[in-house]
Amino acid sequence: TEDHLERIQELVDLHGHARVSDVAEALGLTRSAVSNMVRRLARRGFVNYQRYRGVTLTDSGRAVAAQVG
């Protein structure tokens with residue numbers, strides 16, 4: 001989970017958001033696996049996810065990602 005958040009933050013830093021397809025490519029996972037993971041992270045309060053608009057981290061998500069990096 002922490003690694004996923006860190007990778008999402010890297011993509012957000014580059015593009016302003018992270019698309020599910022970009023996260024999937026970066027992590028070597030399928031888009032459906034990343035979609036499921038993003039939904040779980042959203043329920044836990046780590047990410048904001050809007051379908052077709054991408055993923056950004058919440059303050060909690062950024063804090064966890066920062067601990068990894």
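Axes are lines fitted to C-alpha atoms, for helices over the stretch in contact, and angles run from 0 to 180 degrees between N-to-C directions. The model is predicted: local features need pLDDT of at least 70, side-chain atom pairs count only at pLDDT 80 or more, and totals for chains, interfaces and linings use all residues. Residues are numbered from 1 along each chain as its sequence is written, and side-chain values use heavy atoms, leaving out hydrogens and water.

**Exercise 1.** Determine how H1 packs against H2.

Step 1. Helices (H or I, at least four residues) and strands (E, at least two) are DSSP runs, numbered from the N terminus. The axes of H1 (residues 2–15) and H2 (residues 20–27) lie 10 Å apart, at an angle of about 120°.

Step 2. H1 is therefore oblique to H2, oblique being whatever is left after under 35 degrees (roughly parallel), over 145 (roughly antiparallel) and 65 to 115 (roughly perpendicular).

Step 3. His4, Arg7, Ile8 and Leu11 of H1 make the contact (heavy atoms within 4.5 Å) with Asp22, Val23, Ala26 and Leu27 of H2.

**Exercise 2.** Describe the pairing of S1 with S2.

Step 1. Strands pair if DSSP finds at least two bridges between them; here four bridges join S1 (residues 47–50) to S2 (residues 54–57), and the strands run antiparallel.

Step 2. Glutamine 50 has glycine 54 of S2 as its bridge partner.

Step 3. Three residues separate the strands of this hairpin, in which tyrosine 52 takes a positive phi near 70°.

**Exercise 3.** Is threonine 58 buried or exposed?

Step 1. Threonine 58 lies in the loop between S2 and helix H4 (59–68).

Step 2. Its relative accessibility is 16%, so threonine 58 counts as buried (under 20% relative accessible area; exposed is over 50%, partly exposed in between; 1.4 Å probe, protein chains only).

Step 3. Beyond neighbours within four places in sequence, threonine 58 is in contact with Gly45, Phe46, Val47 and Asn48.
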